[in-house]
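Q: Hey, I've just opened this one and I'm new to it. Can you walk me through it?

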Amino acid sequence: KKNMKKVIVTGGLGFIGSNLVKLLLNKKYYVINIDKLSYSGNLYNVKEFNKNKNYKFYKTDINNQKKIITILKQHKPEAIFNLAAETHVDRSIDKPDSFIKSNILGVYNLLEAILYYEKNVKKKIKLIHVSTDEVYGDILHGRSNENFAYNPSSPYSATKASSDHLIKSYIRTYGI
């Protein structure tokens with residue numbers, strides 16, 4: 001465990017997150033899974049890892065900056081894969097507030113926790129943030145790519161675009 005590379009996966013109880021956890025464990029990483037266990041998280045997705053000595057689960061929200069800092073200090077991860085997000089366009093149209101809390105404020109709190117950790121522990125953490133092609137709006141022909149202009153068309157895609165821009169600004173302003 002000491003020499004093993006440690007990584008955090010936020011949103012690791014979701015479909016994509018739990019598959020990423022499995023992949024990372026198979027590649028011999030020590031995986032710390034952080035998930036608030038909302039509608040899209042399912043403990044069943046990771047039940048096979050519960051007895052794995054290279055797996056640790058924390059039920060917490062990325063908005064809980066104090067808890068995230070504690071986890072960072074305790075585990076000193078090499079990287080964070082951020083998959084924590086509210087998803088689904090239809091849900092965002094019905095009730096956008098949870099999308100703003102998770103996808104914007106949650107990313108803000110995660111960034112602040114990383115910034116605090118890097119300043120105080122003097123150790124860099126790589127952040128791999130998972131976004132969505134929805135930030136580019138409606139693509140009428142072909143496929144979008146990362147050179148397309150942002151053109152979000154729903155509260156979901158607008159909050160994901162906001163988190164992308166927030167991360168880019170923290171990289172440029174604070175050097176995370």
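This is a predicted model: local features need pLDDT of at least 70, side-chain atom pairs count only at pLDDT 80 or more; totals for chains, interfaces and linings use all residues.

Q: Got it. Which helix does Leu111 lie in?

A: Leu111 lies in helix 4.

Q: Is Leu111 buried or exposed?

A: Leu111 is buried, because its relative accessible area is 1% and buried means under 20%.

Q: And what does Leu111 touch?

A: Leaving out residues up to four places away in sequence, Leu111 touches Leu127, Leu166, Ile167, Tyr170 and Ile176. Take Ile167: it sits 56 residues from Leu111 along the chain, yet the two C-alpha atoms are separated by 7.3 Å.

Q: What holds strands together in general?

A: Strands of a sheet pair through backbone hydrogen bonds, and the pairing can be parallel or antiparallel.

Q: Over how many bridges do strand 1 and strand 2 pair?

A: Five bridges, in the parallel sense, between residues 6-10 of strand 1 and residues 30-35 of strand 2. Within that pair, Val9 stands opposite Asn33 in strand 2.

Q: Now helix 2. Which of its residues are buried?

A: Helix 2 covers residues 65-75, and its buried residues are Ile68, Ile69, Ile71, Leu72 and His75. They all sit on the same side of helix 2, because they cover an arc of only 160 degrees around the axis.

Q: How does a helix line residues up like that?

A: An α-helix has 3.6 residues a turn, so residues three or four places apart point the same way.

Q: What covers the buried residues of helix 2?

A: The cover includes strand 1, strand 2, strand 3, strand 4 and helix 4 (97-121).

Q: Helix 4 again! At what angle do helix 2 and helix 4 pack?

A: About 40 degrees, with their axes 9 Å apart. That makes helix 2 and helix 4 oblique to each other, and helix 2 passes helix 4 in a right-handed crossing.

Q: Which residues meet there?

A: From helix 2 you have Gln65, Ile68, Ile69, Leu72 and Lys73. On the helix 4 side, they meet Asn109, Leu110, Glu112, Ala113, Ile114, Tyr116, Tyr117 and Val121.

Q: Last topic, backbone angles. What's the phi of Lys76?

A: Near 50 degrees, a positive value in a residue other than glycine. Most residues other than glycine have a negative phi.

Q: Where does Lys76 lie?

A: In the loop between helix 2 and strand 4, just after helix 2. Lys76 counts as partly exposed, at 41% relative accessibility.

Q: And what about the phi of Lys28?

A: Lys28 also isn't glycine, and its phi is positive, near 70 degrees. Lys28 lies in the loop between helix 1 and strand 2. With a relative accessible area of 61%, Lys28 is exposed.

Notes
Residues are numbered from 1 along each chain as its sequence is written. Side-chain values use heavy atoms; hydrogens and water are left out. Two strands pair if DSSP finds at least two bridges between them. Helices (H or I, at least four residues) and strands (E, at least two) are DSSP runs, numbered from the N terminus. Buried means under 20% relative accessible area, exposed over 50%, partly exposed in between (1.4 Å probe, protein chains only). The arc is that of the directions from the helix axis to the C-beta atoms. Contact means heavy atoms within 4.5 Å. Axes are lines fitted to C-alpha atoms, for helices over the stretch in contact, and angles run from 0 to 180 degrees between N-to-C directions. Angles under 35 degrees count as roughly parallel, over 145 as roughly antiparallel, 65 to 115 as roughly perpendicular and the rest as oblique. A crossing is left-handed if the near helix is turned anticlockwise from the far one by less than a right angle, and right-handed if clockwise.
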